Amino acid sequence: MRYSQLLIPTLKEVPAEAIVVSHQLLFRAGFIRKLAAGIYNLLPLALRTVHKIERIIREELGRAGAQELLMPAVQPSELWEESGRWQKYGAELLRFQDRKGAWFCLGPTHEEVITDLVKREVRSYRQLPLNLYQIQSKFRDEIRPRFGLMRGREFLMKDAYSFDATAEGAHKSYHQMYNAYRRIFERCGLDFRAVEADTGNIGGSLSHEFQVLAESGEDEILSCDHCTYAANVEKAELKAREVTAGEPTHAVEKVSTPGQKTIAEVAAFLKAAPSALAKTLLFKADDKIVVVVLRGDHEVNLPKLKALLGGVEPVLASDEVVSKITGAPPGYAGPVGLAGVEVVADNALAGATDLIVGANEADTHLRHVAVGRDFTPSKFADLRLARPGDRCPRCEEGKYVTHRGIEVGHVFYLGTKYSVAMNARFLDDKGEEKPFEMGCYGIGVTRTMAAAIEQNHDADGIKWPIGIAPYHAMVVPLQMKDAKVVETAEKIQADLTAAGLESVLDDREERPGIKFKDADLLGFPFRIVIGQKGLAGGTVELKRRGSAEVLNLSPQDAVAHIQKAVAAELQKSA
């Protein structure tokens, strides 16, 4: 392909709204153009990368036994009402009526549609396991679409759904897809972590996110520096301490703390470390009040608390409720003497014998409070947010280190959440009706492209991984009026094509500096420069994007070098 024939509208400036690097570079390099808030046109170079990601996905899902189909983007409300998500999903679900007044939505995901399809077409266990996937545009009406393709309203997604006869079979399907995802992102040339995660709106009981590591990532993830365990910060587990509780050495002492409400204020006023304090938080869970006690320097983990409460969403109690239950204004709540409410404590407080807590009395705290003597929680549990330096729960030697991550894939074990709600059943080997055991698996295709740029760029532009680069090489003749230079460039491009490699010949009448800047901005892995001076000695210049090294090689050797490098990179990740 010749540069002059391609639609590559590069720009020097970017919109003020383009904050993250991928949005800036995709816009500057002529990969995308905005149509509306969170909705973008994908230009030819972007679509080439998207197609390469799709090809990798199709190959790996084919290896995992999945079959491709295509479902409608427009979905009737009846299916969502049947699953119970029509109202629960929230404002991100774009609802509309047709001319007859029937309600529909633009699909943000397809659990309802696929479950309805399978329940109509699959009747016997002999037809299982079954794994179906599609690559399709989705729409989620984000309240604040931002970061270009990283968080748009319309996006390209691969979503897959597995159906099994047993939970054991469903777990096998889950791990097959988990392994397929690892291969997909390895082949895309990305540095990523597969982390345990909360299931969110999708539901289910087992979930992993695939996070591309990048400084601009919205998600905080923690991984062990010794073993392979990694988790989203909301999911990261903490191992319960083995505690041998000592005998309390002091009686409880009431101390005046006028106007001191926060942990920092009380710690400074009493000249104590925040870790010597315990914070007492009151949550409303349906019609029940639950009191959570944890160390002063720790933060409550709401997903963990929700799991402890059996899936009920905890909401912080109002100031009025806190005052009614404790008899004191907010800031002075404590676990000692509370009656008629359940008190749970974080594992870190097990065996604590010298705590400072609120006294349930205005401007007052208690010192020397001992767990078990002065208050006894109904249970201890892992209730706090993990943080860097905490011990890994899966091995004895490791500690958590922190990363920023961009979620590009998510796998869920759903169990019978949707099959029971939608009465999707099959006949087992005894002739009895059973609900399907399900899993669902998503990859943000356009988001993966953006995440690759967030991880692979420099001040000059994009640095595409070989596996998903729009083209492998840019062929740059410096003197377009020199017949020998042009002839050599065209011969090199023909040889690259014959070797199965993709290239763009920059045939523009532009200065070398402009051509070099554009080549770096577009970020193809290799650049071959053909100039009069080099050809006089029988060589051309070969440069790898992001490397300072320039090789002077014969045209044939330059092509062979690229062919070998591409083959080695693709073989490494295949």
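Which residue in β28 does A473 stand opposite? The legends below treat a predicted model, and the answer comes with the first view.

**View 1. Strands β27 and β28 run side by side.**
A473 stands opposite S503 in β28. Strand β27 covers residues 473–477 and is joined to β28 by three bridges. The two strands run parallel.

**View 2. Five strands form an open sheet with mixed pairing.**
The strand order is β28-β27-β29-β30-β31. At the edges stand β28 (503–505) and β31 (550–553). Each of these edge strands has a single partner strand, so one of its sides has no neighbour in the sheet. From one strand to the next, the twist averages 20°.

**View 3. Helix α12 lies across two strands, β27 and β29.**
The helix is made of residues 512–522, and β29 of residues 526–530. Relative to β27, helix α12 runs at about 175°.

**View 4. The largest nonpolar core has 66 residues.**
The members that touch the most other members are F31, Y181, I184, F185, W464 and L522. Helix α5 (residues 167–187) gives the most to this core, with eight residues. Another core, of 25 residues, lies apart from it; L128, L132, M422 and F436 are among its members.

**View 5. W464 and its contacts.**
Neighbours within four places in sequence are left aside here. W464 is then in contact with F31, T49, M449, A452, I453 and A469, and also with P470, L522, G523, F524 and P525.

**View 6. E112 sits in helix α4.**
The helix spans residues 111–121. Is E112 buried or exposed? E112 counts as buried because its relative accessibility is 0%. The side chains of E112 and R85 are joined by a polar contact of 2.7 Å. Not counting residues up to four places away in sequence, E112 touches L79, W80, S83, R85, Y418 and M422. One of these, M422, is also a member of the 25-residue core.

**View 7. A230 belongs to strand β12.**
This strand covers residues 230–232. With a relative accessible area of 4%, A230 is buried, since buried means under 20%. Leaving out residues up to four places away in sequence, A230 touches A194, V195, E196, L222 and S223. How many residues apart in sequence are A230 and R193? They are 37 residues apart in sequence, and their C-alpha atoms are 7.1 Å apart in space.

Methods. Residues are numbered from 1 along each chain as its sequence is written. This is a predicted model: local features need pLDDT of at least 70, side-chain atom pairs count only at pLDDT 80 or more; totals for chains, interfaces and linings use all residues. Side-chain values use heavy atoms; hydrogens and water are left out. Helices (H or I, at least four residues) and strands (E, at least two) are DSSP runs, numbered from the N terminus. Buried means under 20% relative accessible area, exposed over 50%, partly exposed in between (1.4 Å probe, protein chains only). A polar contact is a pair of N or O atoms within 3.5 Å; within protein, one must be able to donate a hydrogen and the other to accept it, and residues adjacent in sequence count only if both atoms are side-chain atoms. Contact means heavy atoms within 4.5 Å. A nonpolar core is a set of buried Ala, Val, Leu, Ile, Met, Phe, Trp, Tyr and Cys residues joined through side-chain atoms within 4.5 Å. Two strands pair if DSSP finds at least two bridges between them. Axes are lines fitted to C-alpha atoms, for helices over the stretch in contact, and angles run from 0 to 180 degrees between N-to-C directions.
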